Amino acid sequence: MNAETRAAHSSAAHDDAHTHGGQSHGSLRSYLTGFGLSVILTAIPFWLVMSDALGNKQVTAFLIMAFAAVQIVVHMIYFLHMDTRSEEGWSMMALIFTIIMVMIALTGSLWVMYHLNINMMPVHDMSQMP
């Protein structure tokens, strides 16, 4: 091998080492898209709560949960670069697992808070109790 061939080979190996097996780290455009979506997905629930636009707390809570779940997916796609092609599909399996776990955590949290609210309500008038 001459010096030029060795230099070209080491340069290609160096480039492969930085792409981690052909996976890109994302472009400025993809990061800005992810950031923009994250800001929008944060601003809309904030506006819903602050303006009481819907007038129904249960619907507002459901929409906030939906926006939170979508924001998690946006972060995983645009910032963690998970898709069906990377790591032979295991990244997509991690995404599906994360979505399931988030849904269990959110649903369980709402269930616990609802039942705590119902069961811990103070009794206002003790004279009306039998």
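Tyr31 has a relative accessibility of 31%, so Tyr31 counts as partly exposed; this class lies between buried (under 20% relative accessible area) and exposed (over 50%), with a 1.4 Å probe and protein chains only. The model is predicted: local features need pLDDT of at least 70, side-chain atom pairs count only at pLDDT 80 or more, and totals for chains, interfaces and linings use all residues. Side-chain values use heavy atoms, without hydrogens and water, and residues are numbered from 1 along each chain as its sequence is written.

| Residue | Relative accessibility or accessible area | Class |
|---|---|---|
| Phe79 | 31% | partly exposed |
| Gln71 | 18% | buried |

Rings of Phe, Tyr and Trp (its six-membered ring) pair if their centres lie within 6.5 Å; planes under 30 degrees apart are stacked, over 60 edge-to-face, and the rest tilted. The count is one aromatic pair. The ring centres of Tyr31 and Phe79 are 6.1 Å apart and the planes stand at 15 degrees, so this pair is stacked. The pair links distant parts of the chain, 48 residues apart: Tyr31 is in helix 2 (residues 28-51), and Phe79 is in the loop between helix 3 (57-78) and helix 4 (90-119). Helices are DSSP runs (H or I, at least four residues), numbered from the N terminus.

Gln71 is in helix 3. Apart from neighbours within four places in sequence, Gln71 is in contact with Ser38, Leu41 and Thr42, where contact means heavy atoms within 4.5 Å.

Mean pLDDT (the predictor's confidence in each residue, from 0 to 100) is 79 for the protein. Confidence is highest in helix 2, at a mean of 94, and lowest in helix 1 (residues 3-19), at 49.

Technical notes: Helix = DSSP H or I, 4+ residues; strand = E, 2+ residues; numbered from the N terminus.
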